[in-house]
Amino acid sequence: MFLDLLSLILLVSAALWTVMTRSLLRSAIGLALTSAVLTVIMFKMEANLAAVFELSVCAGLIPVLFVSVVSLTQPYTHQEILERMKSMFARFRLLPVILIGVGLILVLLGPHSQVQLPLPESGENTRFILWHLRQLDLLGQVIILLGGVFGVAVLFKERKKSA
Amino acid sequence: MLSAIFVVLLFIIGIYCIMASYNLVRALIGLEILIKAVTLLIIAAGAKSGHLHLAQALVITVIVVEVVMITVAVGVVVGIHIYNNSLDVRKVRRLKG
């Protein structure tokens, strides 16, 4: 019970640090941390297959993509980051206050709040559902993957130099 | 109930980040946090209703769509940086249409 609450608080704290930290590189690392904590929560709820996907893809691949785009674009120098810090903190200073306020309101309004993650009931196998009952989802995934590959190919194709 | 409260908090963080940041990469990170909230919501709803395996199948689909979306969005961001030499949304003024 305490661990459930702790992991959920850690998840929100990691997400808050991700959006409020000044460096984009730290934001990417914070995103990986958020995904890792979400993976722990999924394992605790016995969603093992989804947790493995979350850990390998969301905590592994996507932060690498973000680090790549940060290194490709080199958005700001350290001096520029320090200059922009004030305006960024001014814009984000309300966020923790809003979170605490909304959290307190939701806790107070929730009539049957139970401080425990729900446990699942036994059912059919995830693989069976994915391959036999949700075949259209798989087709959609393949189409989306092909669309993504086509999109990236179009975005990064070499353009002819104008004479 | 408890996980629903934290889903709402994650949603607020993601939406606030998208609305308050001028940097395109940070806006994408906000979008990622929104997707984390959706993932947690699907899993919690599946566990609560006793359809966790179906929820896992849906989460796997969400993750695949998320990866493709982020990859294409990162490509667009790099393209914008090449043309505008900036990632500030206020400086993206040279779009067609």
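1. Start with the contact between the two chains: in this predicted model, chain B and chain A bury about 6,100 Å² between them, and 79% of that lies on carbon and sulfur atoms. Buried area here is the accessible area (1.4 Å probe) that two parts lose on being put together, summed over both.

2. Who takes part? Chain A brings 79 residues to the contact and chain B brings 57, where contact means heavy atoms within 4.5 Å.

3. Look for one salt bridge across the interface of chain B and chain A. B:K36 pairs with A:E54, and their closest N and O atoms are 3.4 Å apart. The rule asks for a side-chain nitrogen of Lys or Arg within 4 Å of a carboxyl oxygen of Asp or Glu.

4. Chain B itself has three helices and zero strands; helices are DSSP runs of H or I with at least four residues, strands runs of E with at least two, numbered from the N terminus.

5. Now find helix α5 of chain A, residues 94-109. Its buried residues include A:L95, A:L99 and A:G103. They sit on the same side of α5(A) because they cover an arc of only 65° around the axis, taken from the directions from the helix axis to the C-beta atoms. The face turned away from that buried side carries exposed residues, among them A:V97 and A:I100.

6. A bookkeeping note: residues are numbered from 1 along each chain as its sequence is written, and chains are lettered from A and ligands numbered from 1 in the order in which they are written. Local features need pLDDT of at least 70, side-chain atom pairs count only at pLDDT 80 or more, totals for chains, interfaces and linings use all residues, and side-chain values use heavy atoms, with hydrogens and water left out.

Methods. The expected span of a helix is 1.5 Å times one less than its number of residues. Buried means under 20% relative accessible area, exposed over 50%, partly exposed in between (1.4 Å probe, protein chains only).
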